[in-house]
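I opened this entry to keep track of what I looked up in the model. The notes follow the order in which I went through it.

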2 protein chains.
Amino acid sequence: MTEFDVIARYFTRQPQQAAGLVDVGVGDDCALITPTPGMQLAVSSDMLVVGRHFFHDVSPYALGHKALAVNLSDLAACGAKPVAFTLALALPSIDEAWLQQFSSGLFALADAHGCALIGGDTTQGPLNICITVFGEVPRDQALLRSGAQVGDDIYVSGTLGDARLALEALQGKIELPPEILAQARLRLEQPSPRVALGTALRGIASSAIDISDGLVGDLAHILKSSGVGAQVNTEITINLVAACARIDWSKGQFDTLKQLKTVFSGGDDYELAFTAPPSARQAVLAAATSSQTPVTRIGVIQAAPGLRLIDGSGKPVTAQFTSFDHFAA
Amino acid sequence: MTEFDVIARYFTRQPQQAAGLVDVGVGDDCALITPTPGMQLAVSSDMLVVGRHFFHDVSPYALGHKALAVNLSDLAACGAKPVAFTLALALPSIDEAWLQQFSSGLFALADAHGCALIGGDTTQGPLNICITVFGEVPRDQALLRSGAQVGDDIYVSGTLGDARLALEALQGKIELPPEILAQARLRLEQPSPRVALGTALRGIASSAIDISDGLVGDLAHILKSSGVGAQVNTEITINLVAACARIDWSKGQFDTLKQLKTVFSGGDDYELAFTAPPSARQAVLAAATSSQTPVTRIGVIQAAPGLRLIDGSGKPVTAQFTSFDHFAA
């Protein structure tokens, strides 16, 4: 089987050729797209490396899902609707069972979002998956990191930290009850990009980012880009870890600091952090309802630079939390 | 130095933000482009892997050049004008001298083509470079592989096979005089994407492809996509190797078969192969002149499937040549 056979068998599908904007898909030197007039094209690219972003023995189906999910999450953070993607794949060897499962996981998520594979590359090398994704957003309605204003509320979608708990359990660092691990592992291996929420927040949110490196690090990007600071309530955020609520605390494995660290520095959540003015609270709730995505208000944007954590009574929390860094981790 | 520092120091430049269609470049969840009305967007993605596409000790400057060049070559083959690109980079470690040279080579070529870096990803892993490139072409003027018609002339641009000779010399398989190796090595390590020729051939060429896996393999893609066959004159193609013309044949290192193999199966040429009707010969020459790119007419499209090689007197050449395959090589 040659690289051309791999592309033909696992990554070429006729129906996608007819998809929306795609004039020419897989199989020519370039794919050709006709962008919708009046729309901006949103572009994002993510690379996943074996041993760094996933375990060697991860399910290929889950890996296909996650490789696209992390990219769709970037579109969600911009409020863009997914349109198409390219896939570049370095494989140690051609393993047809692996390719079958990988492409199944990939296309299941792509189809759920109407996102067509339009091209890419296949080569021999250490397992590496690079996806570039394209979405559309009405001109000047994209959600950026730079729009947060003093007084805006800060929200996060869904739950945070469960992916990190699953990672640590799989690494043998902590123990989780099997049924809790199973759910947390789904969050780690098959995250749900918040595309519906992102598009619903157009014209409502003043800024947004997806949480891939941990809430603290990603919120810091919003603060820096917007030239503002923030105050976040840890009594609210500590309850964002779905798994923690069901863990037996008597074992002492999860103290408050550990729980907060899981929320703030966990990473791999692929939830949205976003800001909106207090006048938009009803609109934010309506967007959450229409997109069937829970959101939680966790703090407020302030003028003074930096992130300040407070507990439920308003007292400062002094613990420091860091962002995930691929070269330091 | 963190991954964010790497991006800020080596891959973020202010001037590009103002470039043409780019509304938001490096530094948000997505880049935002406003496509030009009436234009199609051409997209291509290529992944370069250490030990497979380049030697461990290749000059980082040359590598930066080549990583973008192979992608621009795909745009050239479609007749698209480069607009922007994303870069995903896996690095074993952060080597600032390497990054400085790599980004210099990358941006030198990008600037020469007015192509802005708009986003990407940086992570830790075995050296891997994945670039996705975007170009524009007027609606329905893109050059495709599928347009070749019976009776069309077949052309190639520039010279072929020199990159392969350099590769074999660097691998110690053959010996080349130093000054010839130096020139051939430039072709291997810093190929010139034929963007000017590609855009000049809009409305003239009936089909086109870039030659990355060798003339035989890439021409076969045109034949298959167009549902035609071809006859190619080996007496003409054998002279397409620039280096060969200057080699001392008395050493016997390069017999005719070896020379033909270098042309037909060499790979890494990044020249264009294209077809055009005989009525367009003057227009093809004018496109070659205006783009300052030599082109050579090497054969003709025929109805019978397959590629037939003939010598100068019209006799069949029976030698078989294959395409480059990353999983077989």
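I began with the division of chain A, which has domain 1 (3–138) and domain 2 (145–310); the domain bounds come from an automatic or database domain assignment. The model is predicted: local features need pLDDT of at least 70, side-chain atom pairs count only at pLDDT 80 or more, and totals for chains, interfaces and linings use all residues. Residues are numbered from 1 along each chain as its sequence is written, while chains are lettered from A and ligands numbered from 1 in the order in which they are written.

**Domains of chain A**

I noted 26 Å between the C-alpha centres of domain 1 of chain A and domain 2 of chain A. For contacts I took C-beta atoms, placed from the backbone, within 7 Å. By that rule 19 residues of domain 1 of chain A are in contact with 18 residues of domain 2 of chain A. On the domain 1 side, helix H3 (60–78) and strand S4 (81–91) of chain A are the elements that give two or more residues. Helices (H or I, at least four residues) and strands (E, at least two) are DSSP runs, numbered from the N terminus. The largest share of this side, 12 residues, comes from H3(A). By class, the side has 11 nonpolar, five polar and three charged residues. Ala, Val, Leu, Ile, Met, Phe, Trp, Tyr, Cys and Pro count as nonpolar, Asp, Glu, Lys and Arg as charged, and the others, Gly among them, as polar.

**Chain B against chain A**

I then turned to the two chains: 53 residues of chain B are in contact with 53 residues of chain A. Which element gives the most to the side of chain B that touches chain A? S3(B) does, with nine residues. This side of chain B has 27 nonpolar, 14 polar and 12 charged residues.

**Sheets across the chains**

I followed an open sheet of six strands in the order S1(A)-S2(A)-S3(B)-S6(B)-S4(B)-S5(B), with mixed pairing. Two strands pair if DSSP finds at least two bridges between them. The edge strands are S1 (22–24) of chain A and S5 of chain B, each pairing on one side only. Neighbouring strands of this sheet are turned by 20 degrees against each other on average, direction ignored. H3(B) packs on the sheet and touches S3, S4 and S6 of chain B, its direction making about 25 degrees with that of S6(B). Axes are lines fitted to C-alpha atoms, for helices over the stretch in contact, and angles run from 0 to 180 degrees between N-to-C directions.

At the chain crossing, S2 (residues 31–33) of chain A and S3(B) run antiparallel, joined by three bridges. A:Ile33 has B:Leu41 as its bridge partner in S3(B). Within chain B, S4(B) and S6(B) pair in the antiparallel sense over nine bridges, and B:Thr86 stands opposite B:Thr132 in S6(B).

I also found an open sheet of six strands in the order S5(A)-S4(A)-S6(A)-S3(A)-S2(B)-S1(B), again with mixed pairing. S5 (116–124) of chain A and S1 of chain B stand at its edges with a single partner strand each, so one side of each is left without a neighbour in the sheet. The twist averages 20 degrees from one strand to the next.

**Confidence**

Last, I looked up the scores. The complex has an ipTM of 0.88 and a pTM of 0.90 from the predictor.
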